[in-house]
Amino acid sequence: MQERKERLIKEAYFNPVTNLPNKKNIKFVFDEQIDRTLRHNQSFLILAIKMNNYHQLKNQSTELVNEFMYEASNIIIKSTRNEDLVAHIYDDIFIILFNEYLEEDNSHIVIERLQKGFSENPVDIDASYDVSMGLTKYPNDGTDSETLIEKAIAKAESKQF
């Protein structure tokens, strides 16, 4: 019974391919981050990472795209700091919720690490990454998680950088 309950919780709050928090899970963290940020008069950043060739790879093979996304999650985790949260919120989109103490100028260090990581092909995958990213800032770009996420995704889809 306990095992089944744990499995259901995992399925509800984590992506089955990457085991990263999903959109439902990250909304709780967003709300806490917004509360902390308001108390300390700070801001924070959200980075959306869109895997532009996800659907093309999925059409080739589900196994290939799952391995591709798992490796992408590893690149993202290795490129971020321990205090930042990485989530896999849609099939082809990851979100990084940066801790409120990351200054906007320093976010480019993480972005450069991500770009470098994605420019190197994974060892066992016969596919390269086609990635775009979009950055939003609380409260400038929105004051709730949904708005911030959607604006970051829109920027990534427009291939801002």
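**Close-up views of the sheet and its aromatic contacts**

**View 1. Four strands form an open sheet in the order 2-3-1-4, with antiparallel pairing.** Strand 2 (85–90) and strand 4 are the edge strands, each pairing on one side only. Strands are DSSP runs of E with at least two residues, helices runs of H or I with at least four, both numbered from the N terminus; two strands pair if DSSP finds at least two bridges between them. The model is predicted: local features need pLDDT of at least 70 and side-chain atom pairs pLDDT 80 or more, while totals for chains, interfaces and linings use all residues. Residues are numbered from 1 along each chain as its sequence is written, and side-chain values use heavy atoms, without hydrogens and water.

**View 2. Strand 1 (residues 44–51) and strand 3 (residues 93–97) run antiparallel and are joined by five bridges.** Ile49 stands opposite Phe94 in strand 3.

**View 3. Phe68 and Tyr129 form a stacked aromatic pair, 4.3 Å centre to centre with 25 degrees between the planes.** Rings of Phe, Tyr and Trp (its six-membered ring) pair if their centres lie within 6.5 Å; planes under 30 degrees apart count as stacked, over 60 as edge-to-face and the rest as tilted. Phe68 lies in helix 4 (residues 62–79) and Tyr129 in the loop between helix 5 (104–119) and strand 4 (131–138), 61 residues apart. Phe68 counts as buried because its relative accessibility is 0%, and Tyr129 counts as buried at 10% (buried is under 20% relative accessible area, exposed over 50%, partly exposed in between; 1.4 Å probe, protein chains only).

**View 4. Phe30, Phe44 and Tyr138 form one aromatic cluster.**
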